[in-house]
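Morning, everyone. Please look at the structure first.

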Amino acid sequence: MRSSTDHWVDAARDTGHLLGFRARTVRRRRASAFGLAVVLALTAAFALAPSGFDVGSVGSPAVERALATVQGNLGAAFAGFLLLAISSAMGSGGGRELLSRNEAAVHPISAVTEHLGALLLAPVNLAWLVQVWGLLAVTALVAPSGGLLGAQVVVLAWVLAATALGQAAGWAVEGVRRTPHGVLVVRSVGGAVVAVLACLHLAGLLGALVRSLPTTWVAATAQTSDWPLVVVLLLALAVVGVVVGATPARWALGLPPREELRVQSGVHEARHAPEPRWGSPDRALLRRLDRDSVWRSVGMRRGLMVLGLGPGLVALVAGLEWSSVMVLPGLTASGAALLFAVNAWCLDGKGMVWRETLPVSSADVFDVRTLVVAECMAVVSGITVVLALLRNGLPPVVVGVAVLSCWLVVVVQVLAIVMTWSVRSPYGVDLSSPRATPAPHAAMAGYAGRLSVVTTLTALLFTGLSAVPWAWVPAAAALPFLAWSTRRLVRARRRWLVGDERARVVLTVAAV
């Protein structure tokens, strides 16, 4: 009989084969390599650059108080990353898949291979990447002189452990979700957790509860000479998480995906034509069709809910101030775009050919799809801003204008970028599984890196502008960004209206 070690060895070998197969499907290898280099360079910059900031040279009591607050909430930031890892794995049905469900049907891919592949694809998640950068930057800012290396090694070990534990929890939740009444159970428990966190926050007990978690000890010990002990414990915890996670993965993948099958096999009765509130009746019909394509998709529905609530809950748990919250709208808008909008026409799949036979103008098709993408990004990022508002209360006028300006700019920025990508580089993918991605994983990594750089730099700019005494400055600074993004969006629309370009997109997307 084969031992369990043999099964793990086989799974690791199969995972390597699948990664090699995926790597050979990359169209623009130089661009992917450049994107990977940029991500690594940014990671190094976030891990090292903040350590050169000398608080004493500023001489500002407000800066010193802010630094003390950050240091006191470092353990909460560690806990927030674990919460994010769990919610991401839950939203994606246990984690991303190296091979689509249709492709994997004819190959003997084991559940352990799926589990290992999902762990390796965790960095493709933009929220995961940005949270890692945030932990590295905050740790570098508060680490004592001479203790930066040890503190950052602890952060990396915690990232590995939290990702492994979050993956195991995600598989367990997916297994429960696939039981006869599992969807109701998961939704009820999730709603109860959100309600409890809200009640604790309103009662003023959430901060004390978070500071009593073991992550506070991990964060504090990382800044002492005992950091090697913490690293060993966290690496052991990561190994345990990887091994233990294989069990719920086997259980979950051995059950039928009830929620997806219910959507695919359900009967959707015809409805009356929508009343056009603005625009033509054709646009109203197209808008309903596109919205239903998004909200009927299990993966997108889960992903949008996680993106809407996850970063906001992290802001509540970690006690983020408005200066830190400024980054979140760009993060959530980019995350929503990575669910489907980087390849926006893949929503139709084979139905794209049928869509082209409808007696509607191509301009209406592009405009409505752009509107639906903008709605998704605005809703999820707006929920994050509202949760931050509940945490911090009304900001000063200048800060409020800066937040709103940054929110509008990053949504329009991301919208223009993803619609350009959708026309320029379409892919034929099947998004029926919540574990699917709208583009190959190497392309998704490049997309995530590009969006994170653009939105983070924009957020940092408006964070600086929030410190000026004039409220009109952030609003005026937003105008050039909006003009440039609008110009780019118009160029993508013109390219779509060219018959040859549109035919290329349609035939590529329909070849699923």
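How many cavities of 30 Å³ or more does the structure hold? Three. This is a predicted model, where local features need pLDDT of at least 70, side-chain atom pairs count only at pLDDT 80 or more, and totals for chains, interfaces and linings use all residues. Residues are numbered from 1 along each chain as its sequence is written, and side-chain values use heavy atoms, with hydrogens and water left out.

By cavity I mean a set of points, on a 1 Å grid over the protein atoms alone, where a 1.4 Å probe fits but cannot get out; lining residues have an atom within 4 Å of a point. Points are joined across faces, edges and corners, and volume is the space filled by probe spheres set on them.

The largest cavity has a volume of about 590 Å³. Of its 37 lining residues, Ser88, Ser92, Arg96, Asn125 and Leu339 are the closest to its centre. Several helices (DSSP runs of H or I, at least four residues, numbered from the N terminus) supply at least two lining residues each, among them H5 (74-91) and H18 (328-339).

Where does the largest cavity lie? Domain 1 (1-259) and domain 2 (281-511) both contribute to its lining, so it lies between them. Those bounds come from an automatic or database domain assignment.

The second largest cavity has a volume of about 50 Å³. Residues lining it include Leu18, Glu97, Ile109 and Ala118. Helix H7 (residues 111-120) gives the largest share of that lining, four residues.

Technical notes:
1 Å grid on protein atoms, 1.4 Å probe; cavity = no way out; pocket = protein on both sides within 12 Å on 5 of 7 lines; lining within 4 Å.
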